[in-house]
Amino acid sequence: MDAAAALPEAWSQVRAPVIVPLLRLAVAVCLTMSVLLFLERMYMAVVIAGVRLLRLRPERRYRCDPIPEDDPELGSAAFPSVLVQIPMFNEREVYQLSIGAVCGLSWPSDRLVVQVLDDSTDEVIKEMVQLECERWARKGVNITYQIRDDRRGYKAGALRAGMKHAYVRECEYVAIFDADFQPDPDFLRRTIPYLVHNPEIALVQARWRFVNADECLMTRMQEMSLDYHFTVEQEVSSSVCAFFGFNGTAGVWRISAVNEAGGWKDRTTVEDMDLAIRASLKGWKFVYLGDVQVKSELPSTFKAFRFQQHRWSCGPANLFRKMLMEIVTNKQQSLSQRCAYRSGAVSTFPRPSPFSILLALPGLFTCFSSGLPLRTSCPCTEQKPH
């Protein structure tokens, strides 16, 4: 009874000098971060309005002349060799659509190599995917079906393994499409010229277009969020800074830039951002093409959506913690550009702005405060499909 009676008195003694100041500090930090995020949103609105009014489209900032098709001397040799990678994992519903869309790309067949990187664990699905690849091979498409003995590294490991084949040395660029993405036939003709005519560009990122956005309320909400990301965040980043996060699919990389950056690494679950940051730190530039859209599907179940959001939240924080010193000590980027990477701690999609230096502080707090859970129980660190 004496101990029970002492608890309220002990609580009253601790509450005023300890709990109340901590709560006030937390409220002040939250208010400050809210103001900074509001200012950043206002900054983005001003920039995107300027981009629209001044029509600062990528084709006005970079040379992107179409590759000549009527050269009698060069013929198909005028087109660079392109590798297309399709990582898969138990994709029963969409494998035919994705393989068919890639094999239908308008590009000389002798200058195109398609890799289906199948890490499926279901033997029935593996056989179905292999038969689909053989069917397109009989039609004259240079397509290869690749499997591995183990799934080490998951998607990053599959992409890395695909790059090790001898025939890849003859390819200059690599396009990546996840299994639920279907590019239009003219995708390569609209993206590759930016890489051909601008040797400083490492990545051309296209926009996602969602075919199942009207399936339910959850997909509608996802579409609203991602449309803002592509229409505003990626557009602003591409317009004012050479860096923005690679979205992991629907993009074309210069293979020499990938190799110079160290290739694909499986140290985090956001291998796409990892490669993008390392390439940017080497001085490479990226281009975002909002007019080039690739069809895709949104997660339509809460389980898939929850897992995706955990990966997009935990993975960048883990990556930022690992790359902090590499970013800070980099000499090829200005201070403002290096501070742009701070969003990697709290968002999958970094957004550079004049407020990046201030916003780096809460980003660092988020990064290190989430470091311990990332090592132990974060869902994004569990074994997962692509």
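User: Which residue lies over the face of W136?

Analyst: Quick caveat before that: this is a predicted model, where local features need pLDDT of at least 70, side-chain atom pairs count only at pLDDT 80 or more, and totals for chains, interfaces and linings use all residues. Residues are numbered from 1 along each chain as its sequence is written, and side-chain values use heavy atoms, with hydrogens and water left out. A charge sits over a ring if NZ of Lys or CZ of Arg is within 6 Å of the ring centre and within 35 degrees of the ring normal. At 4.3 Å from the ring centre of W136, the residue over its face is K139.

User: What kind of pair do F181 and W208 make?

Analyst: Rings of Phe, Tyr and Trp (its six-membered ring) pair if their centres lie within 6.5 Å; planes under 30 degrees apart are stacked, over 60 edge-to-face, and the rest tilted. Here the centres are 5.1 Å apart and the planes stand at 75 degrees, so F181 and W208 are edge-to-face.

User: How many residues apart in sequence are the parts that F181 and W208 tie together?

Analyst: Helices (H or I, at least four residues) and strands (E, at least two) are DSSP runs, numbered from the N terminus. F181 lies in the loop between β4 (173-176) and α6 (187-197), while W208 is in strand β5 (residues 201-210), so the separation of the tied parts in sequence is 27 residues.

User: And are W253 and F286 buried or exposed?

Analyst: They form another edge-to-face pair, 5.7 Å centre to centre with 75 degrees between the planes. W253 sits in strand β6 (residues 251-254) and F286 in strand β7 (residues 285-296), so this pair ties together parts 33 residues apart in sequence. Going by relative accessible area (under 20% is buried, over 50% exposed, partly exposed in between; 1.4 Å probe, protein chains only), both W253 and F286 are buried.

User: Which residues do ring pairs link into a cluster?

Analyst: The structure has seven aromatic pairs in total. F181 and W208, both buried, belong to the cluster, whose members are F181, W208, F230 and Y288.
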